[in-house]
Amino acid sequence: MSNHFPLLKNIFTRTEEALKVFMEVLEPTIENAKDEHERLYFHHIYEEEEHRQDRLTVLNPKLDYFIEHNDAADRSNHEFIRLLQDISLEKFGLHNFLEHLDLALFQFKDTEYEPSLQSLRDMTNEDYQAIKSLLNELNDQFEGAANSAASIPTDEKEHVAKHLKVDKYINDPVTQSSLTSSITIASQKKKLTVGSLKGGDQ
């Protein structure tokens, strides 16, 4: 377990920074929407990510506690079980963020934001593949305590008809070596700002 929580903390910290940048890009789009449909569409995305940002603000200090108190990570500890469930929920949140970035790439195609949004999208996809692998390992270690149906997107559910799924989200197997590589690369990326996104240099 000792390596899992610091890796998860790195993912959630990167996501918090990415959310701020993404929401800054969306704000003028909402303010200057050409019609109510566009305003509601991007307002909905913005609101979901704002909600997730609030959740991460609560979750990250809890992660810090269990990083510092490794011996408290026990199935008999209700706070620890709740933490695993919260992490599971954030796996779904990361998948949603990935889809929101893909949707934004349609809106901002051929604009100054496209290269940087693509970089954010690529980073988020790496983090999403990593969190899936980390959660599987935590479930193995804690007898499924981190397992939740709420963390499984439609595209990854077995009972959902294939015509309702989007191929690029269905499955992206990750080997341990690629997981380690992606986490290392992502952790070396500098802090994100709207300015750095305009340049597309992550």
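The following paragraphs describe the fold, the surface and two residues of a predicted protein model. Local features need pLDDT of at least 70 and side-chain atom pairs count only at pLDDT 80 or more, whereas totals for chains, interfaces and linings use all residues. Residues are numbered from 1 along each chain as its sequence is written, and side-chain values use heavy atoms, with hydrogens and water left out.

The secondary structure consists of 7 helices and 0 strands, arranged along the sequence as α-α-α-α-α-α-α; helices (H or I, at least four residues) and strands (E, at least two) are DSSP runs, numbered from the N terminus. Among contacts (heavy atoms within 4.5 Å) between residues at least 6 apart in sequence, 76% join residues at least 24 apart.

Of the 202 residues, 46% are buried, that is, under 20% relative accessible area, with exposed meaning over 50% and partly exposed in between (1.4 Å probe, protein chains only). The accessible surface comes to about 10,700 Å², and 50% of this surface belongs to carbon and sulfur atoms.

Leu 103 lies in helix H3 (residues 78-107) and is partly exposed at 32% relative accessibility. Together with Tyr 41 and Phe 106, Leu 103 forms a nonpolar surface patch with about 310 Å² of accessible area.

Lys 132 belongs to helix H4 (residues 114-141). With a relative accessible area of 13%, Lys 132 is buried. The side chain of Lys 132 makes a polar contact of 3.3 Å with the side chain of Gln 129; such a contact is a pair of N or O atoms within 3.5 Å, where, within protein, one must be able to donate a hydrogen and the other to accept it, and residues adjacent in sequence count only if both atoms are side-chain atoms.

Note on methods: Patch = residues over 30% accessible without salt bridge, like charges linked within 9 Å, V, L, I, M, F, W, Y side chains within 5 Å. Areas by Shrake-Rupley, 256 points an atom, 1.4 Å probe, with all protein chains shown as cover. Salt bridge = Lys/Arg side-chain N within 4 Å of Asp/Glu carboxyl O.
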